[in-house]
Amino acid sequence: MGDGDEEHFDVLTKSGLKTGFSKPRSAVHRDGDYHRAVHIWIFAESTQQLLLQKRTDWKDSWPGLWDISSAGHVSAGDTSLVTARRELQEELGVTLPNDAFELLFVYVQESVTNDGKFIDNEFDDVYLVTTVDPIPLEAFTLQESEVSAVKYISVEDYKHILAKGDPHHVPYDVDGPYGQLFDIISKRYKNNMEAQSLLLQKKLNRYSPISLTADLTGITEEDKEVLVLLIQAARIMDDIFYQQVWCSNSSLREWLKGRDHISELDMLKWKYYSINKSPWSCLDENEPFLTTADSAVKLRPEATKPVANWKGLEYKAAFPILKPPGSKFYPPDMDKMEFESWIKQLSENEKQDATGFFSVIRRHNDSHPNKSSDLYIIPYSKDYSLFLAKAAELLHKAGDLTSSPSLKKLLHSKADAFLSNDYYDSDIAWMELDSKLDVTIGPYETYEDVLFGYKATFEAFIGIRDDKATAQVKLFGDHLQVLEQNLPMDAMYKSPDVIAAPIRVIQLIYNSGDVKGPQTVAFNLPNDERIVKDRGSSMVMLKNVSEAKFKLILQPIAGLCIIKEQQGLVDFDSFFTHTICHECCHGIGPHTITLPSGQKSTVRLELQELHSALEEAKADIVGLWALNFLITKDLLPNSLVKSIYVSFLAGCFRSVRFGLEEAHGKGQALQFNWLFEKGAFVLHPDQTFSVDFDKIEGAVESLSREILTIQAKGDKDAAQRFLEEYGKMTRPLNIALEKLAKVQVPVDITPDFPIVTNLLHKK
């Protein structure tokens, strides 16, 4: 066949990324170009068997030998997942959806055969499809040109056959990287229930349960009715968030919840899943605490041809070992390059929608997998329409009931935004909220989108305003402009007009949606740069959450990790004051920037996935700098100086325990390591730490300058180098963490909300 008919492959770099061009199959193998293929293993859980296929006698390689259940090359423009689904259907007549395929690992195969004429440099994406029972052999439809027979074989027997190099089977080196296949399966099914329960209990023990309450005096009966409606709307935010995290998350949630009464292990799985709101553990760098073996069973009779007296194929909804970096905002098999080359073809408006907060990206070809780059945009209002219509109805009802004009405006405008997908007015209304009932509800934070940091997750925080504390914090807002003008960075980067972030301090009575693992103590919103530029941002501090963390976590940490003489300096006032200042400092420093080329951009767009960690570190360290500045100007009591630094040091150990995958943890490691290197933090022979008050001020200032300058220049390379050098685990950090692990100080809290239970119960 001519070059025109020959299959083309995408040529990859040595590290497996697309180069952007493709070549015919024969040329790829002649020149030894890197390309991609898929391996699909069908595994029957009840019998612990793998399905093998026998290659036909006329195949050009390994004719007549037993091999992988199914395999094939990825054609140019196709993705690995589309190929895996297609190969299984073509070779074996098994049609399965995306969630049946679990990507186990990528195997790099490099071989030269046929006297150097055939150079195979191949990235093999190895998939596992887990069925509950073996598929009856007569249910398969074999592709005559490729497959002559199929059979099941036990995992152990197959491993043994390969290890001894049996001539009837295509060879795989079970001692090399490919041996992972057998290791993963055996590890997954060898753990007994007792061991698994112990492990989950240990993970759960890191969270200290606490009841969060608030004073409801001054809340009218009508407000209580409003509260009930708000809580119902907040619960819908939870439903949407579960969907956003990962494509099979909602079905896993139903499955685990429906089984939590079966055994102690099932109860623990559900409990720990509820804290993380996904199968990945927030405190363990998103390592999965469940596997596909724990997952939901799905029946798919139409997957194969029917067989008498067999109900059809049942498979386990697979979940990836690695948490999908694009969550469910993008197709599971889309990479950055595909997205970036696709948006180049879009109009300016479409480009803004594609990279905006409130849309998801989908593929046309999930229904007809044959054409390439077929991405398209769906607004949240359409993708989550069933949920949002119900939430909007509840908010309108609450808006009609409340007598607070600003709350009324917020609830009606937010309900409208849910349906129109335009959040601008409702975000302004949120900033202007002045009511005893404090509500934050809707899509805001972008941490879940690890791919680009573009897409917002739904959340809700409902609380009662603490008027006394709110009056105290006005001081920071009033001095933001002065702080901006005195920031330790070149004057050319300073903003002439910083708008103070109004701060509301609340006692939290309910939260939902994107609140998982470690609990939020404060947030600064909106993230929409248009509003931040015109109106600044607003801030909410959750005082009762802060107090709970201080009492249950920070004090015990200080007792273990801070030198005796300085322990008394750790107090709630300085801890809370720094938290407030941290949030205020998100509002100063570079946001909208001018690149060396003269082009306007934002720090978020330039630093992409590195933005969150660096921005958290900036708010923290500039927060320390700002407190010191306000003390020198006699705006805060001088007695705070030492307390603030020592409380911050204790706080470092608290945040690093969240793991370095998480923006706050990584940002905190960066600060600790810098201050330690500069001698501002000191490690003593008894493994306690102290602050050197002579060095801390200079070290805080130099780190602030470093971070602010990287942000002002939008210099992603510098950010990468800086985070790699400082944002990592080091010996002193490990010393502290090991001490805390031994004594089992909780890492965070898991709240329940008795007020809500009572209100709903009365209702």
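The following exercises, each with a worked solution, concern one predicted model.

Residues are numbered from 1 along each chain as its sequence is written, and side-chain values use heavy atoms, with hydrogens and water left out. In this predicted model, local features need pLDDT of at least 70 and side-chain atom pairs count only at pLDDT 80 or more, while totals for chains, interfaces and linings use all residues.

**Exercise 1. Determine whether the end-to-end distance of helix 2 agrees with its number of residues, and state how enclosed the helix is.**

Solution. Helices (H or I, at least four residues) and strands (E, at least two) are DSSP runs, numbered from the N terminus.

Step 1. The expected span of a helix is 1.5 Å times one less than its number of residues. Helix 2 (residues 80-92) has 13 residues and should therefore span 18 Å; its end C-alpha atoms are 18 Å apart, in agreement.

Step 2. Buried means under 20% relative accessible area, exposed over 50%, and partly exposed in between (1.4 Å probe, protein chains only). Because 10 of the 13 residues of helix 2 are buried, the helix is largely enclosed by the rest of the structure. Among them are Leu-81, Val-82, Ala-84, Leu-88 and Leu-92, together with Arg-85, Glu-87 and Glu-91.

Step 3. Contact means heavy atoms within 4.5 Å. The cover over the buried residues of helix 2 includes strand 3 (34-44), strand 4 (49-55), strand 6 (70-73), strand 8 (118-131) and strand 9 (147-154).

Step 4. For context, an unreviewed UniProt entry annotates residues 33-175 as "domain: Nudix hydrolase". UniProt positions are given in the numbering used here, feature names are shortened, and annotations may be inferred rather than shown by experiment. The span 33-175 is 15% helix and 41% strand, and its end C-alpha atoms lie 26 Å apart.

**Exercise 2. Characterise Thr-304 and Asn-309 in the loop between strand 13 and strand 14.**

Solution. 

Step 1. Thr-304 is found in the loop between strand 13 (297-300) and strand 14 (313-316). Its relative accessibility is 8%, so Thr-304 counts as buried.

Step 2. Leaving aside neighbours within four places in sequence, Thr-304 is in contact with Gly-93, Val-94, Ile-135, Ala-139, Trp-310 and Leu-313. Of these contacts, Gly-93 follows helix 2 and has a positive phi, near 70°.

Step 3. Asn-309 is found in that loop between strand 13 and strand 14 as well. With a relative accessible area of 87%, Asn-309 is exposed. Its phi is near 60°, a positive value in a residue other than glycine.

**Exercise 3. Describe the five-strand sheet and the helices that lie across its strands.**

Solution. 

Step 1. The five strands form an open sheet in the order 17-18-19-21-20, with mixed pairing. Two strands pair if DSSP finds at least two bridges between them. Strand 17 (437-443) and strand 20 (522-525) each have a single partner strand and stand at the edges, so one side of each is left without a neighbour in the sheet. From one strand to the next, the twist averages 35°.

Step 2. Strand 18 (residues 458-465) and strand 19 (residues 503-513) are paired in the antiparallel sense over seven bridges. Within strand 19, Ser-512 stands opposite Ala-460.

Step 3. Axes are lines fitted to C-alpha atoms, for helices over the stretch in contact, and angles run from 0 to 180 degrees between N-to-C directions. Helix 14 (residues 424-431) lies across strands 17, 19, 20 and 21 (538-542), at about 55° to strand 21. Helix 21 (residues 572-585) lies across strands 19, 20 and 21, at about 155° to strand 21.

Step 4. The peptide bond from Leu-525 to Pro-526 is cis, with omega near -5°. Pro-526 is found in the loop between strand 20 and helix 18 (529-535).
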